[in-house]
Amino acid sequence: MKIITKLWIGLGVLIVLSPLGLLLPERFKAGAAWGEWGAEEIKELIGYVPKGLEKFSSIWSAPIPDYAFKGWEQKGMGQLSFAYIISAIVGICLVILIVLLLGRLLSRRK
Amino acid sequence: MHIPDGYLGPATCGAFYAVMLPIWTAASKIVKKTLKAKQVPMLAIGAAFSFVIMMFNVPIPGGSTGHAVGGVLVAILLGPWAACIAITVALVVQALLFGDGGITAIGANCFNMAFVLPFVGYYLYKAISFNAPIDSNRRVIAAGVAGYVALNMAALFTGIEFGLQPLLHHTATGQALYCPYGLNVAVAAMAGEHLLIFGWVEAIVTALVVKYLQKHSPELLEEKGGL
């Protein structure tokens, strides 16, 4: 098998395993990454929400926020894992598409 | 390490976009000169690998989470400029589609993860593996050390960017406007958790894949002429 095929397969395995990145933090009761708290978490930490942070934190409304479908915040870990895998697939397809387009523009023909 | 919207003030956000613009331009020009059409699929795999590896949040029990970036591996295989482009694409998709990292902070996040990380990692790997045979253990060690140091350098820069905010922006009463933690807290937190845990993840991922490629596809590890 060609190495490039093996690497594509490896990528597929990573997609299937990706919910570990959701389940392990849940299992070990780990919260957000440092400096990536939401407004409510930051209020708990320091007692207030910084004015500029409040203003800019919702400047962008991502279509698939935090790799979960909108309105799925209360769903169980099974469904969130499903959304995580779908997010990985959608994200990777988009990343590959953009790089292939850039590659057409940037690479040498020969 | 993905700085969200609202944690960096407008001056910092603007400054990092301004710094990244010439870097992105240089990366496009250099990659255009050196990337062969048959390497484009590898670049796509590299960007996709970086994207998905960042989804593997590693917990510090009862604390925070962090992750590898995978960018040192891409830099070793395709060079730091191509890696810069690959990681930038991953970070932009993460910010726009998934709200992972702010859109105002894309400049800063790309500086840390798509510039500092692949360049530190690439040159450290080159230095340690200098003249080492393709199948030597020194290359595996070089990959691991490069992964560890590069992720920590990126984390250090992130900590500094967070930590500068209370100095740059505060109200008359001393309340923070953006990231509320100063350099002492932000740098200690970012550096500490990456030195202790997350740096090792990047080290192990980078070293293991290099070891695998030594066995199965050593030609990928050969000199690419400074791509």
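I started with the overall size of chain B: a compact globule of 227 residues would have a radius of gyration near 17 Å, and chain B comes out at 18 Å, so the two agree. A reminder to myself that this is a predicted model.

Next I checked the box around chain B. Its C-alpha atoms fill roughly 60 × 40 × 30 Å along the principal axes.

Then I looked up burial. In chain B, 61% of the 227 residues count as buried.

I also wanted to know how far along the sequence the contacts of chain B reach. Taking contacts between residues at least 6 apart in sequence, I found that 75% join residues at least 24 apart.

On to the elements. I counted 7 helices and 2 strands in chain B. Read from the N terminus, the order is α-α-β-β-α-α-α-α-α.

Last, I turned to a helix pair across the two chains. I noted the crossing of α1(A) and α2(B) as left-handed.

Which residues make this contact? From α1(A) I listed I4(A), L7(A), W8(A), L11(A), L14(A) and I15(A). From α2(B) I listed P41(B), I45(B), A48(B), F49(B) and V52(B). I sorted the residues of the α1(A)–α2(B) contact by type and got 11 nonpolar, no polar and no charged.

Technical notes:
Residues are numbered from 1 along each chain as its sequence is written. Chains are lettered from A and ligands numbered from 1 in the order in which they are written. This is a predicted model: local features need pLDDT of at least 70, side-chain atom pairs count only at pLDDT 80 or more; totals for chains, interfaces and linings use all residues. Helices (H or I, at least four residues) and strands (E, at least two) are DSSP runs, numbered from the N terminus. The radius of gyration is taken over C-alpha atoms; the globule rule is 2.2 Å times the number of residues to the power 0.38. A residue is buried if 20 or more other C-beta atoms lie within 10 Å of its own, exposed if 12 or fewer, and partly exposed in between; C-beta atoms are placed from the backbone. Two residues are in contact if their C-beta atoms, placed from the backbone, lie within 7 Å. A crossing is left-handed if the near helix is turned anticlockwise from the far one by less than a right angle, and right-handed if clockwise. Ala, Val, Leu, Ile, Met, Phe, Trp, Tyr, Cys and Pro count as nonpolar, Asp, Glu, Lys and Arg as charged, and the others, Gly among them, as polar.
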